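Keep the structure open as you read.

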Amino acid sequence: MSENEAGARVSNWNAPNIITAARIIATPFFVWMLLADDGQNGPLRWAAAVFFVLAIATDAWDGYLARSRGLITDLGKLLDPIADKFLTGAALVGLSILGELPWWITVIVLVREVGVTVHRLMIVHDVVMAAAWMGKLKTVAQSVAITLALLPLASVMGDAAPIAIWLNIITMTIAVALTILSGLDYIVGFLRARRAAGANE
């Protein structure tokens, strides 16, 4: 029995897919918490930040479950990147609406993420694109930068508040730079993979 045949028998109603779907469904609630606080750094703002951290953790968890228990499905491959981009995009848009993050940063990140995700789905049956290390590093950098941007640390650090502000600026700058570089790396990788596929035909 081939790997594809074995994978075809895995039910879409499995734990990793349910966790991923729950993350998508809960994201609007995260946005509500973030915007309802209206930048006042109250309990809802802290709750939104905690939700984001937990959602990122469940992303790693459902991926581990899918791989370790042989529960990888086509639906999971589709939902997982959508859930990631939905959550990340929601956080960036929310921060920009609150005036805490320049819109140009949000636009750059969203264009890269949506563009690469849609392109991957379009070519999945034609060209195999392995996950690049730069893309993984970008994901980590974005997670750290957005978490720090969501946590209202400056409001509780008193005289040390400038440290939190500069930490946010530095981590977000690194995240944006890696977002752009990983996007370019993806394009180069795709062109090489397509050229190699053409040569083998």
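**Briefing: rings, charges and spaces**

Phe29 has a relative accessibility of 47% and therefore counts as partly exposed. The model is predicted. Three aromatic pairs turn up in a search of the whole structure. The salt bridges number five. One cavity reaches 30 Å³ or more.

- Phe29 and Trp32 pair through their rings, with centres 5.7 Å apart.
- Their planes meet at 15°, so the pair is stacked; the cut-off for stacking is under 30 degrees.
- Both residues belong to helix H2, which covers residues 15-36.
- Phe29 and Trp32 are three residues apart, about one turn of the helix.
- Trp32 has a relative accessible area of 47%, so Trp32 is partly exposed.

**Aromatic pair between helices H2 and H3**

- Phe30 and Phe51 also form a stacked pair. Their ring centres are 5.6 Å apart, and the angle between the planes is 15°.
- This pair links distant parts of the chain. Phe30 sits in helix H2, and Phe51 sits in helix H3 (residues 43-68). The two are 21 residues apart.
- Phe30 has a relative accessible area of 0%, so Phe30 is buried.
- Phe51 is buried because its relative accessible area is 18%, and the cut-off for buried is under 20%.

- Which residue forms a salt bridge with Arg23? The partner is Asp84, and the closest N and O atoms are 3.3 Å apart.
- Arg23 lies in helix H2, while Asp84 lies in helix H4 (residues 74-97). The pair therefore ties together parts that are 61 residues apart in sequence.
- Arg23 has a relative accessible area of 4%, so Arg23 is buried.

- Glu100 and Arg45 meet through their side chains in a salt bridge, at 2.7 Å from N to O.
- Glu100 is in the loop between H4 and helix H5 (103-123), and Arg45 is in helix H3. The pair therefore ties together parts that are 55 residues apart in sequence.
- Glu100 has a relative accessible area of 39%, so Glu100 is partly exposed.
- Arg45 has a relative accessible area of 1%, so Arg45 is buried.

- Lys138 and Glu113 form a salt bridge, with the closest N and O atoms 2.9 Å apart.
- This pair, too, links distant parts of the chain. Lys138 is in helix H6 (residues 133-150), Glu113 is in helix H5, and they are 25 residues apart.
- Are Lys138 and Glu113 buried or exposed? Both are buried.
- A network of salt bridges links Lys138 and Glu113 with Lys85 and Arg112.

**The second largest pocket**

- The second largest pocket holds about 340 Å³ of space.
- Its lining consists of 20 residues. Those nearest the centre of the pocket are Glu100, Leu148, Ala149, Ile165 and Asn168.
- H6 and helix H7 (161-200) each supply at least two lining residues.
- Which element gives the most to this lining? H7 does, with six residues.
- By class, the lining has 14 nonpolar, four polar and two charged residues.

**The largest cavity**

- Rolling a probe the size of a water molecule over the atoms shows where empty space is left.
- The largest cavity has about 30 Å³ of space.
- Its lining is made up of Leu92, Val109, Gln142, Ile146, Met172, Ala175, Val176 and Thr179.
- H6 and H7 are the elements that give two or more residues to this lining.
- H7 gives the most to the cavity lining, with four residues.
- What does the lining of the largest cavity look like by class? The lining has six nonpolar and two polar residues, and no charged residues.

Technical notes. Residues numbered from 1 in each chain as written. Predicted model: local features only at pLDDT ≥ 70, side-chain atom pairs only at ≥ 80, totals over all residues. Heavy atoms only, no water. Phe/Tyr/Trp six-rings, centres within 6.5 Å; stacked < 30°, edge-to-face > 60°. Buried < 20%, exposed > 50% of the residue type's maximum accessible area, 1.4 Å probe, protein only. Salt bridge = Lys/Arg side-chain N within 4 Å of Asp/Glu carboxyl O. 1 Å grid on protein atoms, 1.4 Å probe; cavity = no way out; pocket = protein on both sides within 12 Å on 5 of 7 lines; lining within 4 Å. Points joined across faces, edges and corners; volume = space filled by probe spheres on them. Nonpolar A, V, L, I, M, F, W, Y, C, P; charged D, E, K, R; others polar.
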